[in-house]
Amino acid sequence: MNRSFEEDRQLLSRCFSGDRKASETLVRRFSGLVYRSVQYTLMAKNVSFDIQDLEDLHNTVFLKLFEQGCKKLRQYQGKNGCSLASWIRMIAVRTVLDHLRKKGVDAMVWQKKRVPLEELPELKADDVEFGSQIEKAEQERLLQDSMQRLPPRDRLFVKLHFDQGLSVAEVAEAMHLSIGNAYTIKHRAIQRLKSHVASATNYTPNL
Amino acid sequence: MKIPCPDEERLSDYLEGRLSEEDRSRVEEHLSDCQRCLEAVVVTKRMVGDTDRFELDPVPAEVTESAVQLVTSQGTMSCGTLMEKLKRSVKNTVSKISDTLQVGPWGRWQPAPVRGSKKVASDDLVCLRVPFKGIDTEIEIEKTGSNKAHIRVKLPEAIKRTEGVRVTLKAGEREIASSLFDGGYVVFEDIPFGHYSISLAKDGLDFGTYLFEIKETLHGGR
């Protein structure tokens with residue numbers, strides 16, 4: 001996978017000019033990557049699938065790239081150094097997720113997601129017994145409302161960590177934060193969430 | 001107002017740390033409110049960083065072949081048309097599948113430009129009309145035993161034009177058998193169930209390839 005950008009660009013140029021051999025080369029070069037990406041995404045979403053589904057989605061990705069005179073393929077620029085492989089992998093992932101969404105496998109939303117057990121105490125105000133004060137649905141609405149009040153960066157952190165289940169280290173890596181900074185954001189976001197929930201329920205927790 | 005979704009290159013640049021601070025903030029602002037993009041980023045991030053978490057199967061050769069044929073045959077018809085035809089063809093085929101002997105194209109979307117129609121003559125015999133370029137053929141697949149079948153490629157018409165036409169049976173890249181039409185038909189005997197392709201060619205001129213699968217199904221199964 002150490003092909004140069006120049007090599008990929010030359011291959012793309014030949015594809016754009018209608019060179020079938022080049023199109024074939026491109027498909028063969030990235031077929032494995034697309035197949036694995038499709039598989040991984042389906043597994044990550046806990047969706048049952050068979051070999052036929054893999055083939056269909058694999059082929060859908062390549063059709064998407066080449067249809068309408070390589071319309072999608074022509075969008076690749078690589079101007080910041082993005083490799084063709086990284087770009088195609090992201091397209092494969094998105095294609096599968098969009099397909100699942102159309103099929104009714106909804107995107108996981110905040111209120112339906114699991115919160116890691118070890119994090120639950122942090123989300124609950126120390127002395128507040130949520131269950132006894134407000135209904136569960138109301139808790140969820142409150143949490144969502146509170147989430148929307150967080151600054152975008154904090155909200156993204158909370159979604160990646162609590163909603164999507166990435167570890168703090170993984171979130172730090174994804175958001176290019178130091179571990180220390182990631183924990184600071186986490187702590188701050190939780191405090192803000194607690195504070196908002198408390199004020200909405202007229203309760204003053206010990207912060 | 002919601003910011004339009006960043007394209008795939010921008011999301012990759014974000015994940016791989018190639019954006020300026022300003023661009024990074026813009027993407028993060030979008031991700032904090034867009035579940036679609038958030039999930040794409042999370043799945044990709046996990047995949048890149050943790051390839052051992054799932055055991056992933058390598059791509060089967062026939063899947064790559066089907067994509068190659070799908071992509072390289074696009075010149076003859078628009079992609080949407082091609083996809084619709086492929087889906088329709090497969091849907092029709094599946095609806096006529098025998099209960100005991102199942103012969104179907106590779107995948108739900110048959111990738112080759114050659115498509116066949118099928119009738120089920122008996123539980124153990126399936127006949128397919130497969131038009132190659134300029135040559136109409138009939139392919140009979142007859143179950144001859146457990147996990148085995150005869151494949152007959154017949155020429156119901158235009159026999160004269162097929163002089164020197166070679167029929168090749170392949171499993172993936174591997175050639176199983178190849179023969180010239182003799183007496184209007186070619187038989188491949190005791191072929192194990194599986195994925196195959198039949199190609200017709202004459203003097204280096206390719207008449208097309210038909211991809212199909214022979215498999216046993218349980219009574220009452222699909």
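Helices (H or I, at least four residues) and strands (E, at least two) are taken here as DSSP runs, numbered from the N terminus. The structure is a predicted model, in which local features need pLDDT of at least 70, side-chain atom pairs count only at pLDDT 80 or more, and totals for chains, interfaces and linings use all residues. Residues are numbered from 1 along each chain as its sequence is written, while chains are lettered from A and ligands numbered from 1 in the order in which they are written.

Chain B contains 5 helices and 10 strands. Chain A, by contrast, has 10 helices and 0 strands, and its pattern along the sequence reads α-α-α-α-α-α-α-α-α-α. A residue is termed buried if 20 or more other C-beta atoms lie within 10 Å of its own, exposed if 12 or fewer do, and partly exposed in between, with C-beta atoms placed from the backbone. On this basis, 38% of the 222 residues in chain B are buried, and 34% of the 207 residues in chain A are buried. Two residues are in contact if their C-beta atoms, placed from the backbone, lie within 7 Å. In chain B, 52% of the contacts between residues at least 6 apart in sequence join residues at least 24 apart. In chain A, residues 24 or more positions apart account for 64% of the contacts with a separation of 6 or more.

The contact between the two chains involves 47 residues from chain B and 52 residues from chain A. On the side of chain B that touches chain A, the elements giving two or more residues are α1 (8-15), α2 (21-31), α3 (35-49), α4 (61-72) and α5 (79-95) of chain B. The largest share comes from α3(B), with 13 residues. By class, this side of chain B has 22 nonpolar, 11 polar and 14 charged residues; Ala, Val, Leu, Ile, Met, Phe, Trp, Tyr, Cys and Pro count as nonpolar, Asp, Glu, Lys and Arg as charged, and the others, Gly among them, as polar.

One of these helices, α4(B), has 12 residues and reaches 16 Å from its first C-alpha to its last, close to the 16 Å expected at 1.5 Å a residue; the expected span is 1.5 Å times one less than the number of residues. Of the 12 residues in α4(B), 10 are buried, including E62(B), E65(B) and Q69(B) as well as V63(B), V68(B) and L70(B).

A nonpolar core is a set of buried Ala, Val, Leu, Ile, Met, Phe, Trp, Tyr and Cys residues joined through C-beta atoms within 7 Å. The largest such core has 64 residues, of which F62(A) and V41(B) touch the most other members. Helix α4 (residues 84-102) of chain A gives the most to this core, with 9 residues. Leaving aside residues up to four places away in sequence, V41(B) touches A174(A), L11(B), L15(B) and L31(B). Another core, of 24 residues, lies apart from the largest one and includes L128(B), L155(B), V167(B) and F212(B).

In chain A, helix α10 (residues 179-200) has 22 residues and reaches 32 Å from its first C-alpha to its last, close to the 32 Å expected at 1.5 Å a residue. Its buried residues are A182(A), I185(A), K186(A), A189(A), L193(A), K194(A) and V197(A). These residues lie on the same side of α10(A) because they cover an arc of only 165 degrees around the axis, the arc being that of the directions from the helix axis to the C-beta atoms. The face turned away from the buried side of α10(A) carries the exposed residues G180(A), N181(A), T184(A), H187(A) and S199(A).

The strands of chain B remain to be considered. Two strands pair if DSSP finds at least two bridges between them. Strand β6 (residues 166-171) of chain B is joined to strand β7 (residues 174-180) of chain B by 6 bridges, and the two run antiparallel. Within this pair, A171(B) has R174(B) in β7(B) as its bridge partner. The hairpin of β6(B) and β7(B) has 2 residues between the strands, and G172(B) there takes a positive phi near 65 degrees.

Strand β6(B) is also joined to β9(B), by 5 bridges, again in an antiparallel arrangement. The bridge partner of L169(B) in β9(B) is I198(B). G194(B) belongs to strand β9 (residues 194-202) of chain B. Because G194(B) has 15 C-beta neighbours inside 10 Å, it counts as partly exposed. Not counting residues up to four places away in sequence, G194(B) touches A171(B) and I214(B). The C-alpha atoms of G194(B) and I214(B) are separated by 5.3 Å, although these residues stand 20 residues apart along the chain.
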